[in-house]
Amino acid sequence: NVALGFTALQSDTDGVANVAIGSRAGRYLVTGNSNVAIGAYALQTSTGVSNIIAIGDSALYSSTTGTLNTAVGSKVLFTNLTGSSNTALGNNALYLNTSGSNNVAIGVTALHANVSQSYNVAVGDYTGNLLSSTSGTLIGWNADVSSSGYSNVTALGYSALTTASNQVRIGNSSVTSIGGYVGWSNISDGRFKKNVQSNVPGLEFITKLQPVTYNLDITGINAKIGIGSDKDAETAKTSGSRMLDEQAVAAKQSITYTGFIAQQVELAAKQCGFNFSGVDAPKNENDLYGLRYAEFVVPLVKAVQEQQEMIEELKKEIEALKNK
């Protein structure tokens, strides 16, 4: 063992291959092996853990039995007790975690509020501050969820925000273009489709739709989902990102879009008795209505087929009239 600092490794009796550098680093470690604690109070409370890396003031300060944790930064995994296999890099990352395991937090205060949930990944300063559920992937400055308790979420990009469980969001509300070089592919394998029915309405549904042009109220959307909090403003003061945000919002709000209003589409589908998958209805009070425009292809194809049948019938009638 290597111990350097006031009461560093003071309680060690049987542990081997430990390194403790800093005042009270690894102070109560008794039997743990192969640990590295560098920084005042780093790994102070643990008694018998092994294979821990704690570098920074009070890193893994409260840890008791959690193993295979890596904490780098001031007060990283500060309150962790039994959580294992966590990797945290950045001041106050995973600060409130006590029993959550298999989390990765990289950035200042990343996954700060997570207490007992597992399998989350947060990369970026202030990322995942509200996330307190499982299986979240958040990448980008301030990428987060709009409310705690969501699971299986993915937010990619600066201030990207998910508003419900089982949701993916790419970019924030000011993004004006997302694209690539091939179209999006949906899994559509007939071997795995059940209860297949030919009950899609065509003209009945399509004729009820009301195409419109509109401008998006990005300011209103941001207020609804919680973007633009006081915390964001304070964080952005030194970087000028708030100014960039305001310019981006103004630019986005000036764009005239063509499309439908989701609530009107939902009503049209209900009037036809059509359970239309093209409407993405809100899952909670923080969520927003959305439309999947690719889904409109199916009733449009049905409408064209119905029109063609009408045309064929009319052609037959016209031919009969000509013969007469």
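**Entry 1: T109**

I started with the side chain of T109, which makes a polar contact with the side chain of N129 at 3.2 Å. I note here that the model is predicted. I then looked up where T109 sits: the loop between strand 7 (104-106) and strand 8 (121-123). Is T109 buried or exposed? T109 is buried, because its relative accessible area is 14% and the limit for buried is under 20%. I listed what T109 touches, leaving out residues up to four places away in sequence. The list holds N91, N92, A93, Y126, T127 and N129.

**Entry 2: D189**

Next I checked another side-chain pair. The side chain of D189 makes a polar contact with the side chain of R191, at 2.6 Å. I placed D189 in the loop between strand 13 (168-170) and helix 1 (203-206). The relative accessible area of D189 is 25%, so I logged the residue as partly exposed.

**Entry 3: the cores**

I turned to nonpolar packing. The largest nonpolar core has 31 residues. Which of them touch the most other members? I found L43, L60, L77, A88 and A105. I followed up L77 and set aside its neighbours within four places in sequence. L77 is in contact with L60, Y61, N69, T70, A71, N86, A88, A93, L94, Y95 and N97. Among these, L60 and A88 come up again from the list of core members that touch the most others. There is also a second, separate core, with 14 residues. L209, V265, A269 and F296 are included in this second core.

**Entry 4: aromatic pairs**

I counted aromatic pairs and got 13. One of them is F78 with Y95, a stacked pair. The ring centres of F78 and Y95 are 5.2 Å apart, with 5 degrees between the planes. This pair links distant parts of the chain, 17 residues apart. F78 is in the loop between strand 5 (70-72) and strand 6 (87-89), and Y95 is in the loop between strand 6 and strand 7. F78 has a relative accessible area of 17%, so I logged F78 as buried. Y95 counts as partly exposed, because its relative accessibility is 22%.

I then opened the pair F276 and F296. Why is this pair edge-to-face? The planes stand at 80 degrees, with the centres 5.0 Å apart, and edge-to-face needs over 60. F276 lies in the loop between helix 5 (262-271) and strand 16 (279-280). F296 lies in the loop between strand 17 (290-291) and helix 6 (297-323), so the pair ties together parts 20 residues apart in sequence. F276 counts as buried at 8% relative accessibility. F296 is buried too, with a relative accessible area of 4%. I also found both rings in one aromatic cluster, formed by F205, F260, F274, F276, Y293 and F296.

**Entry 5: helix 5**

I finished on helix 5. Its buried residues are A262, V265, A268 and A269. Seen down the helix axis, these buried residues fall within an arc of 125 degrees, so they line one face of helix 5. What do the buried residues of helix 5 pack against? I found helix 1, strand 16 and strand 17. V265 and A269 were already in my notes from the second core.

Methods:
Residues are numbered from 1 along each chain as its sequence is written. This is a predicted model: local features need pLDDT of at least 70, side-chain atom pairs count only at pLDDT 80 or more; totals for chains, interfaces and linings use all residues. Side-chain values use heavy atoms; hydrogens and water are left out. A nonpolar core is a set of buried Ala, Val, Leu, Ile, Met, Phe, Trp, Tyr and Cys residues joined through side-chain atoms within 4.5 Å. Buried means under 20% relative accessible area, exposed over 50%, partly exposed in between (1.4 Å probe, protein chains only). Contact means heavy atoms within 4.5 Å. Helices (H or I, at least four residues) and strands (E, at least two) are DSSP runs, numbered from the N terminus. A polar contact is a pair of N or O atoms within 3.5 Å; within protein, one must be able to donate a hydrogen and the other to accept it, and residues adjacent in sequence count only if both atoms are side-chain atoms. Rings of Phe, Tyr and Trp (its six-membered ring) pair if their centres lie within 6.5 Å; planes under 30 degrees apart count as stacked, over 60 as edge-to-face and the rest as tilted. The arc is that of the directions from the helix axis to the C-beta atoms.
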